[in-house]
Amino acid sequence: MRDVAVVGFAQRQMLEFDGSPTCVELLVPLFEECYAQTGWTRRDVGFWCSGSSDYLAGRSFSFVQAVDAIGVIPPVNESHVEMDLAWAMYEAWLKIQTGEVDTALVYAFGKSSAGTLRRTLSMQLEPYTMTPLWPDTVSLAGLQARAGIDAGLWDEAAMAQVVQRSLTDAEGNDHAVRSGGSSVEALLAKPMYADPLRKHDCAPVTDGAAAIVLAAGDRARGVRDRPAWISGLSHFIDPMSMGTRDLTRSASAARAAAGVDLTGVEVAELHAPFSHQELVLRRELGLGGDVRVNPSGGALAGNPMFSAGGIRIGEAATRIWSGEVDKALGHATSGPALQQNLLCVLDADAFGKVA
Amino acid sequence: MSRTLSAPVTVAFDYTRSTGPVLGRFFTGLRDGVVVGGRTASGRVVVPPPEFDPETHQAITDFVEVADTGVVTSWTWVPEPVAGQPLDRPFAFVLVTLDGADASFLHALDVGSPDEVSTGMRVRVRWAGERVGAITDIGCFEPEARGFVTGARAPSSTAGATSPTAEPVTGIVTPVSLDYVYAASPEETAFYRGLEQGRILGQRCPTCHKVYVPPRSACPTDGTPTTDEVELSESGTVTTFCVVNVPFLGQRITPPYVSAYVLLDGADIAFLHLILDCPAEDVHMGMRVKAVWRPREEWGTTIENISHFAPTGEPDADYDTYKQHL
């Protein structure tokens, strides 16, 4: 295995992006930030990979026009996943492992506000017996939240505590689209929305984009004194149907956690678009009470579709670069009710123990 | 004024899918008023039947009829239904485990308020009036007692009114219709606002000096934002073209007609439009053409302000003037 590190990260999050769904105009300044962080030009990038969704954009091959933001003469080595940035990063990590390239810039974008997000996402469900009912994202999360409440695993107060901590932490995040803690009592006094969820239990509809730069070995050391070395990567998926899953658990998250070493993780950025999902993930990942979760405010403070998972990895990496922590976890999810889960463990020390 | 132009767009199409032997059996059952589950190797009855056993990975071949009554195992309230959902008024999405099954499945429950739903409550299927072999043949669930009170639904013994000789269901059609507010980029917005004034606007890349029309947010050659606005000539050269002979839905011009790439004078990328006012067979590479605008009172923020391009009668352009743009 080659030692690969996260060495660059840029993001934009906003409630509504006043521009085209291909987000080209949003991506150009993100790439400029990545070039500034690394000292590279686009010709130093060995591999490009993007994450986005045609259903979100409302047009086919939406990622092709986004390639304008790269500049493609001479031609570039490029790929795309209809997944979150985190999975695009996984593909780029694999590409670097092949030895074909030493560097990669991965990016993702999505204009969630172009359609009705909770409805558009029905297109990622099982197409025979679920999509024709158009179950919306919030409802599917509500079923999961109820299952946990009924099982006595959490209650509305525990969910509100997650929101309260997230929105308070988000006050320190310039990219957050929602922030400002109040109190658990004040949150619980808010009206119910999709019972058992209040609006603050659900991530805000967010437009945005993000980019992550990866580099191997000395290329990474050339960029940063403390590169965020990827010491573990793992992802698993649960069945599509809701009824055959134990919604109070996330078997795929637990399985992913078993594939990496989480000992000593100081900060975990968890992609939990609904408050109770942070509680599910904490349990499945076995995170102790001393692990600081989502100091950025997490997805409840901003959840740009197809970027928000990767942003968790980027946020974790920045805390390694700054010297604040020596080991951090980035987590991304996709699909309904934590169906798919990806873990990326970042270390200040490179020791080539990715297995 | 918003920075960019936007307009509503609806993307609609039908997904047509074959069902295979397992889901086909399930949908055939629904059409006939019977709910069919599949038994896994561990003995669990799962509805809808999975195609493959999640534990042994063997194909599911053991089908079991289950009741159309069951119990709610989880629920959530839907205060603002979206288009396509089973009910157009507030309702509950529920996970229901039918009597005789060991796993729940997702559907809607028709109740008037969240106070009328609870985990553990008994519910029964309300069959759709017309059944076609789809998950929507279950119109929704309703509280078990209600059907008897109102007499609104037939007992399950008569729900299967379809003739047993009917063909099995082998396919489903799922209509998809998604509404968007589609926004132009700032550069495209400038282009359309220019057209509203009878001007064709492009942008020049500050790095490679190429001129793009319609303008793009970034130069695709080198990734630089294209910031320098350029007003282009309405005359140009046909670089390539095709004669449209095929009629299609929504066609507004009777074939044959010509769709062509026109390289406007001063531009570095060709522009797609119609060539009219001459026989289709006369159109050729290098032909000089000029924009024909609709009457000014019809102009909007649209490329349709230019009706088409027409031959100017000038001598053909020299091949060397456009060979880099083919």
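Chain A splits into domain 1 (4–116 + 205–222) and domain 2 (119–203 + 228–347), with bounds that come from an automatic or database domain assignment. This is a predicted model, where local features need pLDDT of at least 70, side-chain atom pairs count only at pLDDT 80 or more, and totals for chains, interfaces and linings use all residues. Residues are numbered from 1 along each chain as its sequence is written, chains are lettered from A and ligands numbered from 1 in the order in which they are written, and side-chain values use heavy atoms, with hydrogens and water left out.

**Domains**
- In chain A, the centres of domain 1 and domain 2, taken over C-alpha atoms, sit 22 Å apart.
- Contact here means heavy atoms within 4.5 Å, and 42 residues from domain 1 of chain A meet 36 residues from domain 2 of chain A.
- Chain B is assigned domain 1 (18–172) and domain 2 (189–325).
- For chain B, the C-alpha centres of domain 1 and domain 2 are 55 Å apart.

**Helix α11 of chain A and its partners**
- Helices (H or I, at least four residues) and strands (E, at least two) are DSSP runs, numbered from the N terminus.
- Helix α10 (residues 251–258) of chain A packs on helix α11 (residues 275–285) of chain A at about 40 degrees, with axes 8 Å apart; axes are lines fitted to C-alpha atoms, for helices over the stretch in contact, and angles run from 0 to 180 degrees between N-to-C directions.
- α10(A) and α11(A) are therefore oblique to each other, given that under 35 degrees counts as roughly parallel, over 145 as roughly antiparallel, 65 to 115 as roughly perpendicular and the rest as oblique.
- On the α10(A) side the contact uses A:Ala253, A:Ala254 and A:Ala257, and on the α11(A) side A:Leu281, A:Glu284 and A:Leu285.
- Helix α7 (residues 156–169) of chain A also packs against α11(A), at about 100 degrees and with axes 8 Å apart.
- That angle makes α7(A) roughly perpendicular to α11(A).
- α7(A) brings A:Ala158, A:Met159, A:Val162, A:Val163, A:Arg165 and A:Ser166 to this contact, while α11(A) brings A:Ser275, A:His276, A:Glu278 and A:Leu279.

**Around B:Gln251**
- You'll find B:Gln251 in the loop between β14 (235–244) and β15 (257–264) of chain B.
- Leaving out residues up to four places away in sequence, B:Gln251 touches B:Val244, B:Val246 and B:Tyr257.
- A polar atom of the B:Gln251 side chain lies 3.1 Å from the backbone oxygen of B:Val246.

How values were computed: Polar contact = N/O pair within 3.5 Å; in protein donor to acceptor, adjacent residues only side chain to side chain.
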